[in-house]
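Biologist: I am new to this model and would like to learn how to read its salt bridges. Could you take me through them slowly?

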Amino acid sequence: MTKITAAITAVGKYIPEDVLTNEMLEKLVDTNDEWITSRTGIKERRILKGEGRGSSYMAIKAAQQLIKKKKLDPKEIDLVIVATATPDMQAASTAVYTATQIGAINAFGFDLEAACSSFLYGMSVAARYIESGKYKKVLLIGADKCSSMIDYTDRATCIIFGDGAGAVLFEPNEEGLGLQDEILRSDGAGREFLKVKTGGSMYPTTKEALDNKENFVRQDGKTVFKNAVFNMADVTVKILEKNNLTNEDVTWLAAHQANKRIIEATGKRINLDSSKVMMNIEKYGNTTSATLPLLLADYEDQLKKGDTIIFAAFGGGFTWGSIYFKWAYNS
Ligand code: UT7
């Protein structure tokens, strides 16, 4: 029997219209365009505005773009996974609402939360459902309204994050294309260094917590940076070694867009020419779960059937990993 692999067969994206530039941030906090650009590579990010709009608003739009491009009947979708660190609300799945809104009435759905590694882990999960042979169409969406957890008086965080969503469709492939191998890791000691303290079950929201602005994300940037550089590069080297690949076998590096210096360090560690390192952080900032599918959407025109893509991510938790992938179509 032919081995079934899990391939990506379509992508879609949505980014909100409102732009927050470095110059606009200069008016909110003590920062400047030169500092932000040289330290992070970010020039602007998108912000989702509008009463009652959460991550599902963007997830739905990204999925609808994919459905239209692929001419897909949403009733054929078996499963909708929304990778997100900013679900619409607690106890009610963003994925389930998204599935219903896009007409995926025969699908089941769930959210997957692993901070900035949510989409990477989601790729692994989506692939297992396809490889099982039981499911034929799995829609994986990375969507985050990061602005909902940002304190726009905190220059350590407000310059980094933006909002957006990207969607990919996983389908069975019999040519050996799609997900080849993965190394996924985590370390719970990392949660002290990047978190939103209040609003979960441990510290439910109180007036005092809100007064202390504990409902916003806080990070020890230096510690996260050091761990991200080391661990993302480490798993990227390891996935190549494990699969007997050299840098010449790699067509693209698709790394989580948190900081241009972290992405470049990962590329350098495997001696990859910078032209092979996907980069769009300058336009969107760090969109958490959406960075990897937004890269695929922005580079889709340049991707060719058989291209080798190495995915890598690092995020809060800590969570990190790398995936060895073969692209399945020419657009
Ligand atoms: O998505 C996964 C999770 N997140 C990440 O991967 C992010 C990882 N961390 C980073 O990207 C970087 O650590 C930051 C971009 C957050 C900060 O860059 P850095 O090079 O690590 O700067 P720093 O925190 O070491 O600060 C250097 C200086 C400090 O001044 P002094 O103490 O040297 O006088 C800061 O106070 O820059 C100052 N600074 C700023 N200056 C202007 C910190 N933030 C800003 C700012 N504008 N926004």
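This is a predicted model: local features need pLDDT of at least 70, side-chain atom pairs count only at pLDDT 80 or more; totals for chains, interfaces and linings use all residues.

Biologist: Is E171 buried or exposed?

Modeller: Buried means under 20% relative accessible area, and E171, at 12%, therefore counts as buried, whereas K70 has 34% and is partly exposed.

Biologist: Which residues are linked with K70 in a network of salt bridges?

Modeller: The network of salt bridges joins K70 with E76, K137 and E171.

Biologist: Where does the salt bridge partner of K69 lie?

Modeller: K69 meets E300 in a salt bridge, at 2.8 Å from N to O. E300 sits in the loop between α11 (291-299) and β12 (308-315), and K69 in helix α3 (residues 55-70), 231 residues apart. Here E300 is buried at 9% relative accessible area, while K69 is partly exposed at 44%.

Biologist: Which parts does the salt bridge between E182 and R128 tie together?

Modeller: In that salt bridge the closest N and O atoms are 3.0 Å apart. Because E182 lies in strand β8 (residues 178-186) and R128 in helix α5 (residues 118-131), the pair ties together parts that are 54 residues apart in sequence. R128 is partly exposed, at 37% relative accessible area.

Biologist: How many salt bridges does the structure hold?

Modeller: The structure holds 21 salt bridges, including the one between E300 and K69.

Key: Residues are numbered from 1 along each chain as its sequence is written. Side-chain values use heavy atoms; hydrogens and water are left out. A salt bridge is a side-chain nitrogen of Lys or Arg within 4 Å of a carboxyl oxygen of Asp or Glu. Helices (H or I, at least four residues) and strands (E, at least two) are DSSP runs, numbered from the N terminus. Buried means under 20% relative accessible area, exposed over 50%, partly exposed in between (1.4 Å probe, protein chains only).
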